[in-house]
Amino acid sequence: MTAPTRRIGSLTVSALGLGAMPLSMGRGEPAPEDRANATIHASLDAGVTFLDTADIYAPTWDTMGHNEKAVAEGLRTWDGDRSSVVLATKGGITRSEGEVGGRNGTAEYLRSALETSLANLGIDSVDLYYWHRPDRSIRYAEGIEALAALKEEGLIREIGISNANVEEIDVALEVLGEGGLAAVQNQFSPTFFHTSKRELEHCGEHGIAFVPWSPLGGTGGGASAVGERFPQIQAIAEAHGVSPQQVVLAWELSLGEHVVPIPGASRPESITDSAGAIALELGAEDLEQLNQIIA
């Protein structure tokens, strides 16, 4: 299946991506290898060729890289055309013994994290690399400069930032120049938009892809209950004969050609259903009702 595409810098990606995090962490145990592979294969077979992971997506602090390795194995065992697949990963958040979390945006740490991610993924260069969260102990520009140096070396094709506000987006643009920042990945969904709607719009004004994480409301039950929480979503889903989750994703796609949601999944059925949103056509009245959620 060939899905409609969107642009992230120089990269062409499917309009929806797969958020691979639930394969390693979230509710319950990590997905067994066979189910993880089946989920990744299902996404690729449905035309979803943009896979998102991160070094910290792991069941425990001492298994960092678990998700990257799962994505690599899913790709290795897929019998399709690997050349069409775009990989994104992230670095800059630390986990240590006792599940103590931290942030490190220094050039030394980001280089080390990227090199480890490349080894986990079995590649020499990653398509899209995000600075995962700001490190408030350094100037924001320092982290961006570190990523720019890694791109100059050919270890990164495109640069992204995650969990960034408008000011941080502007700092990245100042360091990299217009066109140098490919993507911003922030939390955005019907249940969480108050800190990211402005960033979504700002990205559109500057030709930057906006990649909503947890676009359905998150693995804590928000995604599964989105139709119950928002009656207008449930009503529209019933009218179209689709899941509430498809309605949410189709609505998010309507917010701009630069928006590329990455719904998470740990089962083939979930990502196959989500992929159906790409072909779902919502009417003007549907969109008017849905837009009232973030009005």
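1. Which strand does V211 lie in? V211 lies in strand β11. Before going on, a word about what you're looking at: this is a predicted model, where local features need pLDDT of at least 70, side-chain atom pairs count only at pLDDT 80 or more, and totals for chains, interfaces and linings use all residues. Residues are numbered from 1 along each chain as its sequence is written, and side-chain values use heavy atoms, with hydrogens and water left out.

2. Let's stay with V211 for a moment. V211 is buried, with a relative accessible area of 0% (buried means under 20% relative accessible area, exposed over 50%, partly exposed in between, using a 1.4 Å probe and protein chains only). Leaving aside neighbours within four places in sequence, V211 is in contact with I8, F50, Y130, A183, V184, Q185, N186, V260 and I262 (contact means heavy atoms within 4.5 Å). The C-alpha atoms of V211 and G160 are 9.8 Å apart, while 51 residues separate the two along the chain.

3. Now the sheet. Its 7 strands form an open sheet in the order β3-β4-β5-β8-β9-β10-β11, with parallel pairing. Strands here (E, at least two residues) and helices (H or I, at least four) are DSSP runs, numbered from the N terminus, and two strands pair if DSSP finds at least two bridges between them. Why is one side of β3 and of β11 left without a neighbour in the sheet? β3 (18–19) and β11 (209–213) stand at the edges and have a single partner strand each, so one side of each has no neighbour there.

4. Here are two pairings to trace by eye. β4 (residues 50–52) and β5 (residues 86–91) run parallel and are joined by 3 bridges; the bridge partner of D52 in β5 is A88. β8 (residues 126–131) pairs with β9 in the parallel sense over 5 bridges, and the bridge partner of V126 in β9 is I156. Strand β9 (residues 156–162) is mostly covered, with 6 of its 7 residues buried.

5. N120 has its place in helix α3. Is N120 buried or exposed? At 15% relative accessibility, N120 counts as buried. Apart from neighbours within four places in sequence, N120 is in contact with G65, E68, K69 and A72.

6. On to helix pairs. Two packed helices are described by the angle between their axes and the distance between the axes. Axes are lines fitted to C-alpha atoms, for helices over the stretch in contact, and angles run from 0 to 180 degrees between N-to-C directions. Helix α1 (residues 33–45) and helix α10 (residues 268–275) pack at about 15°, with axes 8 Å apart. That makes α1 roughly parallel to α10 (angles under 35 degrees count as roughly parallel, over 145 as roughly antiparallel, 65 to 115 as roughly perpendicular and the rest as oblique). On the α1 side, R35, A38, T39, A42 and S43 meet P268, I271 and T272 in α10.

7. Compare that with a second pair. Helix α8 (residues 231–240) and helix α11 (residues 284–291) pack at an angle of about 160°, and their axes are 10 Å apart. That makes α8 roughly antiparallel to α11. Q232, I233, I236 and H240 of α8 make the contact with D286, Q289 and L290 of α11.

8. Don't skip helix α9 (residues 244–254). Why is α9 largely enclosed by the rest of the structure? 10 of its 11 residues are buried, so the rest of the structure largely encloses α9. Among the buried residues are P244, V247, W251 and L253. The buried residues of α9 pack against β1 (5–8), α7, α8, α10 and α11.

9. Last, two loop residues to look up. Most residues other than glycine have a negative phi. N163, in the loop between β9 and α5 (166–176), has a positive phi near 55°. S214, in the loop between β11 and α7 (226–229), has a positive phi near 50°. N163 counts as buried at 16% relative accessibility, whereas S214 counts as partly exposed at 22%.
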